[in-house]
Amino acid sequence: MLAWPGYVDPEVMRSFERRSGVQVVLTVIDSDVDLWQKMNANRGRDFDVFAVNTAELRRYRRAGLVQPISPDLIPNLARQLPRFRQNNALPGLSVNGAFFGVPFAYAEMGLIYDRSQVQRAPDSIADLWDARYRGRVIAYNGGTHNFSLAALRLGLGNPFTLSTANWAPAVEQLIALRRNAGGFYTQPDESVALFKRRQAALMFANFGRQQLLELQEAGVDAAYVIPKEGALAWLDCWVVSAGVPDSKLAHAWINHMLEDETSRMLGSSQGLGSAMMASKDYRADDKLLWLEPVESEERRNQLWARIISGDRLAKVLEP
């Protein structure tokens, strides 16, 4: 098994070992880069099953590192929440009638605000640019997601694919965001420290409710909202490696991971949404924009580096 921290509870693992009579060996990854390197090291033959988000799944499929899922071997699919049983509506899962990932855990990137400073709950991405909060906005230091935010601010149809005509307006929006923000972070604990130090009123929560819990534990009267434009969201799926020696056993593991015990663990101990179990924090009517591969991560991050360094529009867009 190859999975993210907190995905495989020790007791859940032991119960599968008792049922199946096999030993489970778990390797925990800490980044998409780490996952890609481990799966490529031996063309996927080192692992039977792994967890990957839908934005990354496409390149594993194209590299021949995964095999299609056999739904008849996973009866617990019928117990998934309705939004996760619509494989054709979830980007990156289905190709020509075959599907390659079983939705498991998810989280969205909403807005966090300080209720002691913000009387009316923010309801739009545009609030990050609101001059009332100048110097009291905390934003994420990353080009890929920030250009998607700019696309949402501009009302573009697809925030993951910018056309030639969209680059300049998007850069203008992010320059304006840089000027409105009081700081940028890369890790959750850094965002909490910045929020308190800057006495911030509003923050883009790249790590979702994890940051909400950390801020509340730090004494901030923080609350969380999903903006009306929708929230960028990642969806992690279990997939079967192309090099698996026993596909039925791999499918049995995925079926095991879709039971109630695991779903409760995701919410209670990890603060994540479960594809199996509804919660008051993760509502079915929330508008979520599942992450997809963008037109060019390299260009987004290159331009963002120029933006955050203080360059003007013409300088940012130089070749």
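Student: Hi! What kind of model is this, and which pLDDT do local features need?
Tutor: It is a predicted model, where local features need pLDDT of at least 70 and side-chain atom pairs count only at pLDDT 80 or more, while totals for linings use all residues. Residues are numbered from 1 along each chain.

Student: What volume does the largest pocket have?
Tutor: About 1,400 Å³. A pocket here is an open set of points on a 1 Å grid over the protein atoms alone, where a 1.4 Å probe fits, with protein on both sides within 12 Å along at least five of seven lines. The volume is the space filled by probe spheres set on the points, joined across faces, edges and corners.

Student: Which residues are closest to its centre?
Tutor: W4, D32, N53, F207 and W234, out of 42 lining residues; lining means having an atom within 4 Å of a point.

Student: And which element gives the largest share of that lining?
Tutor: Helix α3, with 5 residues. Helices are DSSP runs of H or I with at least four residues, and strands are runs of E with at least two.

Student: How does the lining of the largest pocket divide by class?
Tutor: Into 17 nonpolar, 15 polar and 10 charged residues. Ala, Val, Leu, Ile, Met, Phe, Trp, Tyr, Cys and Pro count as nonpolar, Asp, Glu, Lys and Arg as charged, and the others as polar.

Student: New topic: what lines the second largest pocket?
Tutor: That pocket, about 320 Å³, has 21 lining residues, with R209, G267, S279, D281 and Y282 nearest its centre. The largest share, 4 residues, comes from α7.

Key: Side-chain values use heavy atoms; hydrogens and water are left out.
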